[in-house]
Amino acid sequence: MFDNLSDRLSQARASLLGKGRITEDNVRDTLRQVRMALLEADVALPVVKSFIDRVKERAVGAEVTSSLTPGQALIKIIHDELVEVMGAESKGLELRAQPPAVILMAGLQGAGKTTTTGKLARWLREKDKKSVMVTSADVYRPAAILQLERVAEQAGARFHPSQQDETPLAIAEAALEAARLALVDVLIVDTAGRLHVDDAMMTEVRALQDHLTPAETLFVVDSMAGQDAVHAARAFGETLDLTGVVLTKTDGDARGGVALSVRQITGAPIKFLGVGEKLDGLEAFHPERVASRILGMGDVVSLVEQVEEKVDRDQAEKLARKLKKGKGFDLADLKEQISQMQAMGGLSALMDKMPGLPPQAMKAGMGEKELKRQVAIIDSMTPRERRFPKLIDGSRKRRIAAGSGTQVQDVNRLLKQHAQMARMMKKFSKGGLAKMMRAMKGRMPPGFPG
Amino acid sequence: MSDSRSPEPSAAEKPRKGFFRRLRERLNQGESWLTYDLAHLLPGGKPDEAFIEEMETRLLTGDVGVDATEEIIGSLERKLWRDELKDTRAVVATIRESLLEILAPCEQPLVVPEAPRPWVILVVGVNGAGKTTTIGKIARRLGGQGHSVLIAAGDTFRAAAVEQLQVWGQRNDVPVIAQQAGADPAAVVFDAVQSAQARQIDVVIADTAGRLHTQENLMEELAKVKRVIGKLDPRAPHEILLVLDGSTGQNALIQARRFNEAVGVTGVAITKLDGSAKGGSLVAVAKELRVPIRFIGIGESVEDLDVFEAGPFLDALMEGTGAGTG
Ligand SMILES: Nc1nc2c(ncn2[C@@H]2O[C@H](COP(=O)(O)OP(=O)(O)OP(=O)(O)O)[C@@H](O)[C@H]2O)c(=O)[nH]1
Ligand SMILES: Nc1nc2c(ncn2[C@@H]2O[C@H](COP(=O)(O)OP(=O)(O)O)[C@@H](O)[C@H]2O)c(=O)[nH]1
Ligand SMILES: [Mg+2]
Ligand SMILES: [Mg+2]
């Protein structure tokens with residue numbers, strides 16, 4: 001699902017193959033593909049253009065280290081640039097103002113402001129032990145105030161009531177006063193969704209900011225947003241002094257290129273990701289994750305790096321030579337691969353870096369323990385069995401299971417996994433683990449050890 | 001149209017002319033994505049490859065999507081080779097033609113037939129797309145056409161979703177059937193359809209909770225709602241209306257695919273086109289699914305809904321505000 005850029009790059013990679021240096025010429029085709037991939041990920045065009053320019057500047061002339069192909073090197077440059085634009089790891093909220101510190105929420109209709117208000121209230125209460133009051137200045141959307149009241153209740157936050165016939169400014173003022181009297185640490189002011197082309201509404205939210213002098217003014221944006229988000233971001237950024245961005249609905253499968261656009265246009269850091277409808281669905285922003293998701297390839301670069309670091313190059317080459325000669329991938333090879341996995345702390349550590357995968361489900365069976373068990377199973381086989389897995393019939397399975405202290409179904413599972421892997425290795429008979437892992441991304445059934 | 005026999009145009013349809021003018025004003029505020037700065041790009045010259053590439057870019061930035069864009073650009077290129085594109089006007093006409101070819105077949109307004117009764121519309125879509133608001137607007141429109149309407153509060157999940165819908169019910173003087181928060185949406189909708197049968201109501205519009213198409217259990221829940229309605233009338237729901245947010249990018253097509261797979265979409269409404277979003281994702285959806293596009297939403301009030309018509313939609317989309325169109 002998240003293999004867009006990889007797909008596109010593999011189309012273009014021919015022009016990069018076998019060349020030790022990235023040149024303007026051999027990179028052009030690839031950058032075109034990168035451009036398309038970014039557009040497909042909903043990064044806004046002007047942002048794509050300046051991004052590509054910077055990548056080109058960085059890439060052209062760069063020496064390619066011996067361990068990476070020029071294609072991999074370029075991916076790494078693209079990725080690094082993306083992470084750099086995305087900004088540092090989230091520093092969370094800056095609420096050191098004189099209490100009550102005010103957080104003002106702003107954004108388009110349906111972006112997730114009210115839900116995020118509840119999530120932040122919960123977050124601040126539970127993680128930072130703050131007392132929180134919320135109020136709604138949304139006097140337009142039917143039952144918006146009631147929605148926040150319900151959400152506040154779920155979040156365990158105080159709710160300052162407001163009425164639809166009040167002005168947003170009057171609501172904000174009263175809430176600020178109430179928050180002072182109640183000595184709460186934080187006041188979060190939810191606002192109505194508004195279109196950036198609606199001058200009256202933009203003026204209204206500016207007035208709210210002037211009045212409240214918020215410690216944080218957060219722009220809430222839907223991760224499914226398209227190209228027009230660049231206009232929205234610019235208008236909100238120009239109207240308000242944004243201090244942060246919240247990217248919502250990232251539990252879906254949108255590529256979220258809007259994150260890059262908004263970050264670049266407003267300059268405000270992305271602080272949180274909305275990852276579900278419930279109030280616990282909030283996460284601190286991780287640039288790596290979002291960058292990889294936009295590129296549509298999992299955290300491939302750090303995979304590449306880790307593999308480069310830890311995999312025994314000789315082993316990998318030996319395997320490659322063997323496969324090239326047409327000899328199959330046998331169980332002894334599998335054991336080799338598993339040992340390399342173990343050296344990297346198990347696949348689950350790598351899995352953590354892949355966005356879009358349900359981590360819990362994928363982790364099952366990929367931990368150190370499972371890898372150990374698999375090594376034990378292979379160790380209980382005869383060399384002939386390792387070389388020719390087809391020999392392993394029912395009685396041999398029982399013997400191997402007994403010898404390794406496992407069950408017959410464990411042996412079956414291992415054999416099945418080996419068969420899958422052998423098929424995969426056949427396809428990718430050149431190259432080592434790094435390449436193979438990239439190929440397997442997204443195809444791994446739960447419980448597959450590597 | 002469903003009401004061609006009614007003696008007078010309904011309240012909802014009266015301000016038609018003014019409506020399109022308003023639509024044109026409201027749609028696509030800011031410069032037109034296609035025609036912006038064309039004159040500047042082509043200072044007197046004939047359109048060339050570079051110009052075509054620029055047009056390609058513009059289609060992409062309108063959220064039209066790679067597939068549809070490639071088709072449109074392909075036809076542009078063929079004409080360029082045949083030397084048929086003399087000026088920007090010809091280019092714009094060609095693009096319009098290609099877009100029209102994709103969109104015109106989807107120009108199929110929602111028509112509530114004489115029978116069966118009640119006629120059931122199930123409204124689905126991702127979170128925050130504009131389902132509830134669109135229901136309020138459709139209720140007004142159908143009421144204006146002389147239909148009696150009942151609304152089912154099938155969103156039992158989101159805080160105050162029922163109350164939000166009830167406000168729309170009051171605005172339209174239409175009953176809203178609801179249960180307590182957390183109730184089974186299928187049960188709510190079943191009740192509503194049953195009650196409509198008893199009360200001889202013409203149309204039931206069922207709201208549902210917003211859900212991401214990646215959430216399999218929630219998509220299954222939707223399929224169940226559909227199945228349960230089918231127990232009362234095997235052909236119901238008669239319309240499954242997918243609401244798409246007009247500012248959504250490439251994900252709109254994936255949403256349309258998944259909702260279609262889960263429940264079978266029979267119509268689409270696209271909302272929030274009163275901003276500067278181009279709604280170009282509609283092109284990709286139309287091209288792939290060839291599903292009727294029923295409505296466009298162009299604001300938050302009850303009358304801010306219009307029947308989708310490909311021609312005016314494209315004109316509004318392509319008409320620049322002051323930018324030279326050659
Ligand atoms: N500007 C504009 N806003 C719209 C339009 N349609 C809906 N909205 C707004 O978008 C927001 C979400 O609309 P809802 O109707 O609540 O959307 P929904 O799909 O029912 O949302 P959930 O039930 O929360 O998933 C509200 O603030 C609406 O007022 C439209 O055509 N134009
Ligand atoms: N799946 C998912 N849904 C979300 C998320 N954030 C908000 N929503 C939903 O999006 C819809 C609109 O949210 P709401 O907070 O009312 O948006 P507002 O109009 O900006 O205040 C609601 O259905 C929410 O439940 C999120 O991170 N993930
Ligand atoms: Mg809200
Ligand atoms: Mg709703």
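## Ground rules

Because the model is predicted, local features need pLDDT of at least 70 and side-chain atom pairs count only at pLDDT 80 or more, while totals for chains, interfaces and linings use all residues. Residues are numbered from 1 along each chain as its sequence is written, and chains are lettered from A and ligands numbered from 1 in the order in which they are written.

## Helix H2 of chain A

Let's start with H2(A), residues 24-40. Helices here are DSSP runs of H or I with at least four residues, strands are runs of E with at least two, and both are numbered from the N terminus. H2(A) has 17 residues and reaches 24 Å from first C-alpha to last, close to the expected 24 Å; that expected span is 1.5 Å times one less than the number of residues.

H2(A) also has a kink of about 25 degrees centred on A:Thr30, where the bend is the angle between axes fitted to the seven residues ending at a residue and the seven starting there. A:Thr30 is buried too, and so are A:Val34 and A:Arg35, among others in H2(A). Buried means 20 or more other C-beta atoms within 10 Å of the residue's own, with C-beta atoms placed from the backbone. Just after the helix, A:Asp42 takes a positive phi of about 75 degrees.

## Helix H10 of chain B

H10(B) covers residues 251-263, and its end C-alpha atoms are 18 Å apart, in agreement with the 18 Å that 13 residues should span. Its buried residues include B:Leu253, B:Arg258 and B:Phe259. The buried residues pack against strands S1 (119-124) and S5 (239-245) and helices H9 (216-232) and H11 (281-289) of chain B; contact means C-beta atoms, placed from the backbone, within 7 Å. Just after H10(B), B:Gly264 has a positive phi of about 80 degrees.

## Around ligand 2

Which chains surround ligand 2? Residues from chains A and B do, so the site is shared between chains. A residue counts as near if its C-beta atom, placed from the backbone, lies within 6 Å. Of the 22 residues around the ligand, A:Gly112, A:Thr115, A:Gly274, B:Asn127 and B:Gly128 come nearest.

Helix H5 (residues 113-128) of chain A gives the largest share of the shell, 3 residues. By class, the shell has 3 nonpolar, 14 polar and 5 charged residues. Ala, Val, Leu, Ile, Met, Phe, Trp, Tyr, Cys and Pro count as nonpolar, Asp, Glu, Lys and Arg as charged, and the others, Gly among them, as polar.

## Where the chains meet

The contact takes 33 residues from chain A and 35 from chain B. On the chain A side, H2 and H6 (144-155) are the elements giving two or more residues, and H6(A) gives the most, with 4 residues. That side divides into 15 nonpolar, 9 polar and 9 charged residues.

Terms used:
Buried ≥ 20, exposed ≤ 12 C-beta atoms within 10 Å, placed from the backbone. Contact = placed C-beta atoms within 7 Å.
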